[in-house]
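Reader: I've got a structure on my screen and a few things to ask about it. Could you walk me through it?

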Amino acid sequence: MKLMSALIASAIATLTQTAVAEEKLLNLYSARHYQTDEALYANFTQQTGIKINRIEGKEDELLERIKNEGANSPADIFLTVDAARLAKAHELGLFAPVVSKTLESRIPPHLRAEDWFSFSTRARVIVYNKSAVKAEDVQNYDDLANPKLKGKLCSRSGSHPYNLSLMASIIAHQGEAKAEELARGMVANFARAPKGGDTDQIKAVSAGECGVTISNTYYVARLLRSTKPEELKLMEKVGIVWPNQTTTGAHINVSGGGMLKTAPNKESAVKFLEYLASDQAQRYFADGNNEWPAVDSVKVTNPGLESLGKFKADKLPVKNLAMYQTKAQIIFDRAGFK
Ligand code: FE
């Protein structure tokens, strides 16, 4: 009797294992979490029958986790923000090259590498207090070093990826000497030591604690679309400038992802990346965080972003931002941009 039940138990175990093996799964490690995510992932499962297992976490923690899990990592896809973080995953050898006609034709060349793809873009804009600073004085990133703005500039930390990527784009376009001049000039103009995130800077500019700052567009759009009257009120006091419109265009950063080299479900992973480039997924992915779709032909109607008007975007390949990341940090350190 004992033997019988042991046999039955082992038969059941075998059956369960087979069922698990045949169930199509995708293990997604994501540093993005927005309201539209449920619909984004549910649609994929509906279209493909592939169930998504989601592990969410902070950008750097997730990367660390994948690294530590090594060959045993269940992760199929890693989604994160900032081109430099994507490039870091590439440098660590975590991503596998993906050959896909769909991804190649949908994602513009400057928004992809051989093993990772951008799925949305954001720009870094200048935000100024309309009664403290004139728009004409803050038309370019370089203007932030102008002594005219002494005691007026607020910023988040110089070691944050958003500022490092911006500085990397300056190095790429204008060289290291110019970049260092800008970093030093910015430090000389600080109203206070760098602290907080982009939204904190916008609030400080609105309150008059500072005259000008730089921010990613989705923070601006989020406040412009806020349902809180006090947030709408604070946006009335600030103006937004698309920087470098007569030269290189506004600095662009991205969110995106790639398939991991150790992915247990490679077929599902490629399907998922291709799905993210589809019209419908692009809309969810971009709009969920007030960003622009990476696929040119996909249009989203976002009143927050639309109120900022049209602009010229920097066409620098985003993978190049990573090339100058270390240089950017050295320059910030030398300039005392903490
Ligand atoms: Fe952010």
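Predicted model: local features only at pLDDT ≥ 70, side-chain atom pairs only at ≥ 80, totals over all residues.

Reader: Are tyrosine 162 and tyrosine 219 buried or exposed?

Author: Tyrosine 162 sits in helix 6 and tyrosine 219 in helix 9, 57 residues apart, so to speak from distant parts of the chain. Going by relative accessible area, both tyrosine 162 and tyrosine 219 are buried.

Reader: Which protein donors does the iron ion have?

Author: Look for the spacing Y-x55-Y-Y along the chain, which the donors follow. They lie 1.9 to 2.1 Å from the iron ion, each through its OH: Tyr162, Tyr218 and Tyr219.

Reader: How are helix 6 and helix 15 oriented to each other?

Author: Their axes come within 8 Å and cross at roughly 100 degrees. Angles of 65 to 115 degrees count as roughly perpendicular. Helix 6 and helix 15 are therefore roughly perpendicular.

Reader: How many residues of that contact of helix 6 with helix 15 are charged?

Author: Helix 6 brings residues including Met167 and Ile171, and helix 15 brings Lys327 and Phe332, among others. By class there are 8 nonpolar and 4 polar residues, and the charged count is 1.

Reader: And how do helix 2 and helix 12 run relative to each other?

Author: Here the axes come within 9 Å and cross at roughly 160 degrees, and the crossing is left-handed. Among the contact residues are Leu40 of helix 2 and Tyr284 of helix 12. Since angles over 145 degrees count as such, helix 2 and helix 12 are roughly antiparallel.

Technical notes
Residues numbered from 1 in each chain as written. Heavy atoms only, no water. Axes fitted to C-alpha atoms, helices over the stretch in contact; angles between N-to-C directions. Helix = DSSP H or I, 4+ residues; strand = E, 2+ residues; numbered from the N terminus. Parallel < 35°, antiparallel > 145°, perpendicular 65-115°, else oblique. Contact = heavy atoms within 4.5 Å. Nonpolar A, V, L, I, M, F, W, Y, C, P; charged D, E, K, R; others polar. Left-handed = near helix turned anticlockwise from the far one by under 90°. Donors = N, O, S within 2.8 Å, 3.2 Å for Na, K, Ca; no water. Buried < 20%, exposed > 50% of the residue type's maximum accessible area, 1.4 Å probe, protein only.
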